[in-house]
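Reader: I have a model on my screen and would like to learn how to read it. Could you walk me through it, feature by feature?

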Amino acid sequence: MNYDKTSAISIFDYSKLLLDHCLRDYAPENAEEYSGKGGLGQLVEKVFFEYEPNNDDGPDFAEAGLELKCTPLKYSVKEELLIKERLVGGMINYYEDYGKSFEQSHFYKKCLLMLILFYLHQANTSRLDLKFLYALLWKLPEKDLIIIRNDYEIIMKKINSGMAHTLSEGDTMYLGACRKGQKGDSLERQRNTSIGAPRRAWSLKTSYMRTLLDFIKSKDQKACTNLEIMTIPKEEVTSLDMLRHHTFDEIVIGRFEPFYNMNCNSVFEQFGIRMTRAKNKYAIMANVIASNNTLTNVNLSEEFLKAGLMMKTIRIEKNGRIKESMSFENIDYQEVYDCDEWTDSRLYEIFSNRFLFVIFKATDGKIKIPSKKGSEKEFDLEDEYVLQKAFFWTMPQEDLVIAEEYWKDIREQVLNDNIHDGAFWKIENHRNFHVRPKALKGIDRDISPVTGLRTADKFCYWFNKEYVEKIIRENE
DNA sequence: GCATGATCATGC
DNA sequence: GCATGATCATGC
């Protein structure tokens, strides 16, 4: 062995030899016998580390306290490297894992310190020929661990109370209970109910993995570690201390509460931000409050990024209705074309993420705005909205079933190069979701994955207005 | 009033 | 230059 198996650093250093290489460079000539057995991680252990994989409860390299993980990357249309999927760990056993504390959990025993090897995904390629691109020695930061522990407890609460069939990745922030297994699989038994639940595994969410890849890209090296930056920056000490005593949800909602009934103008003034006429000014305002700083670009605070937390603002009119449906990002047709598994799709990630809805309500005529001196001034305000409340939301399982049909329909149209007006679900179908144009100019076109020609209309994913109204109603 | 098509201000 | 979050504008 060319490394010290009791030292994480030594194992990490040795793993650098695998970068820009594939396992075949280290495998015996007649190595085909390896294919088809075990995961890629096990193969790396055997072939590259010459280490017999253990079946223990603990980390792969037990003496170093180090878990080895391999995870795929893919190229985008713009040839940028992207995370392909969530990092999946062990299966959840609803029956055996019942009542287990975080410290007794598979995840805690294995994953505190991980060596994550990023490789380039290639369809129809022997695992011996996959190219490794980055190595990351990652110790879970204390802040992340607090949030992950909370995630774990949220998941276990459902398992312990016989509600595992209602588990959703949107329930949690970084650690998710992701679907695992084939469609026809039988349901797993759980305690305290006769209802079966689909198989699920522990996983670190795609959004969390994306921040790890960003961390690597911010460095100049293909191999890096966060070990040397484990000391917590001064400005983060407060938030770490807060996290020790409050859940993330409590902290975020607590940030919104002082601004209830205030309008955009006064909030911007309080934060010393220039007022804007941007259509998304309420989203900007919500982000300023949620992140408690003057960042005006939305959804960029650390926890929001890592959790893929999707903050959405909604305006309620004076008549109690809302005007608009809710739009999401543009449909990436190449992504839809390439991805044949619903739970690996970008749309699934968007819809199964946690949401933070921020509700604004139209004011009726006059509104009192506190001035700097402490007195209150009255203004006449037409078309002015005030912050009403903020709440977290996760899409229920039954709606995710409809979302899957929605995605399948979109995929069918994309595969048939049928990307134009009238091809997709409409509002009038009343099925929660629809597809509608979204572009800078109506004549803008995207490339069709089928023909490679710039002929595809630009569309994006939408929640129907009535679906948004239903969500608000159910959270009143 | 609503569905649908079209576009805006911003930040990177 | 374009994605993003979002709202505007039109026609029935």
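**Reading the model step by step**

Author: Gladly, and let us begin with a sheet: three strands make an open sheet in the order 9-11-14, with mixed pairing. Keep in mind throughout that this is a predicted model.

Reader: Which strands are at the edges of that sheet?

Author: An edge strand is one that pairs on one side only, and here that describes strand 9 and strand 14 (385–393). From one strand to the next, the twist averages 20°.

Reader: In which sense do strand 9 and strand 11 pair, and over how many bridges?

Author: Strand 9 and strand 11 (residues 355–362) pair in the parallel sense, over seven bridges.

Reader: How many bridges join strand 5 and strand 8?

Author: Three bridges join strand 5 (residues 132–139) to strand 8, and the pairing is in the parallel sense. As a landmark, Leu 136 has Cys 224 as its bridge partner in strand 8.

Reader: Let me zoom out. How many helices and strands does chain A have?

Author: Chain A has 14 helices and 18 strands. The globule rule gives 23 Å for 476 residues and the radius of gyration of chain A is 24 Å, close to that value, so chain A is as compact as a globular protein of that length. Along the principal axes, the C-alpha atoms of chain A fill a box of roughly 80 × 55 × 55 Å.

Reader: Into which domains is chain A divided?

Author: The division gives domain 1 (8–225), domain 2 (234–307 + 355–392) and domain 3 (326–348 + 394–476). The centres of domain 1 and domain 3, taken over C-alpha atoms, are 29 Å apart. Domain 1 brings seven residues to their contact and domain 3 brings six residues. On the domain 1 side, those residues divide into one nonpolar, three polar and three charged.

Reader: Finally, which residues come nearest to DNA strand C?

Author: There are 16 residues around DNA strand C, and Lys 279, Asn 280, Ala 283, Thr 313 and Glu 329 come nearest. Helix 9 (281–291), strand 9 (310–316) and strand 10 (326–330) each supply at least two residues of the surface near this DNA strand. By class, that surface has five nonpolar, five polar and six charged residues.

Methods
Residues numbered from 1 in each chain as written. Chains lettered and ligands numbered in written order. Predicted model: local features only at pLDDT ≥ 70, side-chain atom pairs only at ≥ 80, totals over all residues. Near = placed C-beta within 6 Å. Helix = DSSP H or I, 4+ residues; strand = E, 2+ residues; numbered from the N terminus. Nonpolar A, V, L, I, M, F, W, Y, C, P; charged D, E, K, R; others polar. Domains from an automatic or database assignment. Contact = placed C-beta atoms within 7 Å. Pairing = 2+ DSSP bridges. Rg over C-alpha atoms; globule rule 2.2 N^0.38 Å. Axes fitted to C-alpha atoms, helices over the stretch in contact; angles between N-to-C directions.
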